[in-house]
Amino acid sequence: MSFKLRMWVSLILFFLWLVTGISGVFLLIAPLLAYFKISVPMSLIDTLHIYLGFAFFGLSVVHIALNWPAMKGYFKRLR
Ligand code: HEM
């Protein structure tokens with residue numbers, strides 16, 4: 001498996017994790033922001049969270065597949 005592909009998948013995964021996590025926190029504190037009348041583009045944040053969240057989930061499967069040989073090694077050492 002090419003190192004370059006693994007590197008790009010990991011890098012994109014990091015970006016998706018960051019955006020999904022931050023937008024998730026915004027969704028969580030949305031009522032608080034509304035209470036203090038702090039204006040944020042909530043519908044954009046919601047859309048980003050959903051699409052990038054699912055992309056994150058899908059790419060995680062690819063990430064595990066690409067790193068499967070290393071993971072198998074870790075499991076073997078546990079036995
Ligand atoms: C990275 C960590 C994540 C955090 C901290 C987080 C947090 C949240 C929060 C606080 C909400 C709002 C719940 C509510 O309104 O009651 C939410 C909604 C949602 N999340 Fe996440 N989430 C995360 C990851 C993900 C992932 C990976 C996916 C997709 C696979 C995802 C999909 C969704 C969807 C579909 C909704 C519903 C959106 C809506 O009601 O408009 N989230 N998330």
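Reply: **The shell around the ligand**

By class, the shell around the ligand is made of seven nonpolar, five polar and one charged residues, where Ala, Val, Leu, Ile, Met, Phe, Trp, Tyr, Cys and Pro count as nonpolar, Asp, Glu, Lys and Arg as charged, and the others, Gly among them, as polar. The model is a predicted one, in which local features need pLDDT of at least 70 and side-chain atom pairs count only at pLDDT 80 or more, while totals for chains, interfaces and linings use all residues. Residues are numbered from 1 along each chain as its sequence is written.

The ligand is surrounded by 13 residues, of which Gly-24, Leu-27, Leu-28, Gly-53 and Phe-57 are the closest; a residue is taken as near a molecule if its C-beta atom, placed from the backbone, lies within 6 Å of it. Two or more residues of this shell come from each of H1 and H3, and H3 gives the most, with seven residues. Helices here are DSSP runs of H or I with at least four residues, numbered from the N terminus.

Helix H1 covers residues 3–28, 26 residues in total, and reaches 37 Å from its first C-alpha to its last, close to the 38 Å expected at 1.5 Å a residue, the expected span being 1.5 Å times one less than the number of residues. Within H1, Leu-16, Thr-20 and Ser-23 are buried, and helix H3 (42–66) is included in what covers the buried residues of H1. A residue is buried if 20 or more other C-beta atoms lie within 10 Å of its own, exposed if 12 or fewer, and partly exposed in between, with C-beta atoms placed from the backbone.

The axes of H1 and H3 come within 8 Å and cross at roughly 145°; axes are lines fitted to C-alpha atoms, for helices over the stretch in contact, and angles run from 0 to 180 degrees between N-to-C directions. Their crossing is left-handed, that is, the near helix is turned anticlockwise from the far one by less than a right angle. The residues of the contact of H1 with H3 divide into 17 nonpolar, eight polar and two charged.

Leu-27 belongs to helix H1 and is partly exposed, because 14 other C-beta atoms lie within 10 Å. Apart from its neighbours within four places in sequence, Leu-27 is in contact with Ile-45, Asp-46 and His-49, a contact requiring C-beta atoms, placed from the backbone, within 7 Å of each other. Phe-57, in contrast, is found in helix H3 and counts as exposed, because it has 11 other C-beta atoms within 10 Å. The C-alpha atoms of Phe-57 and Leu-33, which are 24 residues apart along the chain, are separated by 28 Å.

Elsewhere along H1 there is Val-9, which is partly exposed because 17 other C-beta atoms lie within 10 Å. Not counting residues up to four places away in sequence, Val-9 touches Leu-59, Val-62, His-63 and Leu-66; from Val-9 to Leu-59 the C-alpha separation is 7.2 Å, although the two are 50 residues apart in sequence.

Terms used:
Contact = placed C-beta atoms within 7 Å.
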